[in-house]
Amino acid sequence: RVHMNKEVKDLHALDADEIIVATGASARRLKMPGAENAVDAIEYLRKTKPVGDKVCVIGGGLTGCEIAYNLVLEGKHPFIVETLDDLIRMKGVSAANSTCLRDLLRFHKVPVYLESSVKAIGKDKVTIGTKDGDVELAYDSIITSIGYNAGTPLAEESNKHIHLLGDVNQVANLKKAIWDANDLVLKLSK
């Protein structure tokens with residue numbers, strides 16, 4: 001049986017031999033004045049918040065780069081701010097996919113600020129700290145794609161019959177979630 005639109009507030013109140021929690025992760029948020037006006041990557045992807053023409057994409061991971069590329073295809077003008085020294089620098093991403101995405105961003109001349117961080121968000125300008133000093137850039141919208149936090153308050157206490165699966169357990173990719181689900185099914189079927 002599937003129960004739709006039902007909120008679970010206490011896992012121990014459920015009548016089940018085993019409980020699998022696969023609620024996903026929560027988005028990290030910038031903590032600085034002006035960040036409250038930023039659009040989260042998920043909000044952009046779900047098209048719940050519109051963005052302007054000149055878009056500052058904070059975060060050059062896979063999602064941030066895909067968003068920047070999508071913005072270019074929409075005729076917009078994104079730029080990426082990334083703290084690391086390269087884009088899409090994470091484990092588990094196909095080298096062919098990440099190379100292709102980097103090449104597409106380069107082909108479309110998307111400005112990328114590596115080894116940079118947001119220092120201040122103004123009404124229409126963002127100040128970023130780069131290795132060469134501070135730079136002030138105009139923007140119409142900001143999209144944050146700075147990662148996710150695993151965990152859920154539902155399963156704070158350990159219990160051998162409660163299993164966290166996917167991003168709620170460890171933020172990763174779909175391949176890891178599928179393999180972890182396979183491993184859990186094999187464990188529970190013994």
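Helices here are DSSP runs of H or I with at least four residues, strands are runs of E with at least two, and both are numbered from the N terminus.

## Ground rules

This is a predicted model, where local features need pLDDT of at least 70 and side-chain atom pairs count only at pLDDT 80 or more, while totals for chains, interfaces and linings use all residues. Residues are numbered from 1 along each chain as its sequence is written, and side-chain values use heavy atoms, with hydrogens and water left out.

## A pair inside α4

Let's start with helix α4, residues 174-188: Lys176 and Asp180 are four residues apart there, so about one helical turn separates them. Their side chains form a salt bridge (a Lys or Arg side-chain nitrogen within 4 Å of a carboxyl oxygen of Asp or Glu), with N to O at 2.8 Å.

On accessibility (buried is under 20% relative accessible area, exposed over 50%, partly exposed in between; 1.4 Å probe, protein chains only), Lys176 is partly exposed at 28%. Asp180 is partly exposed too, at 23%.

## Longer links

The salt-bridge count comes to nine. Another one joins Lys47 to Glu74, with the closest N and O atoms 3.8 Å apart. That pair links distant parts of the chain, 27 residues apart: Lys47 sits in the loop between α1 (41-45) and β4 (54-58), and Glu74 in the loop between α2 (62-73) and β5 (77-81). Lys47 is exposed at 61%, whereas Glu74 is partly exposed at 38%.

Then there's Lys119 with Asp134, at 3.1 Å from N to O. Lys119 is in strand β7 (residues 117-121) and Asp134 in strand β9 (residues 133-138), so the bridge ties together parts 15 residues apart in sequence.
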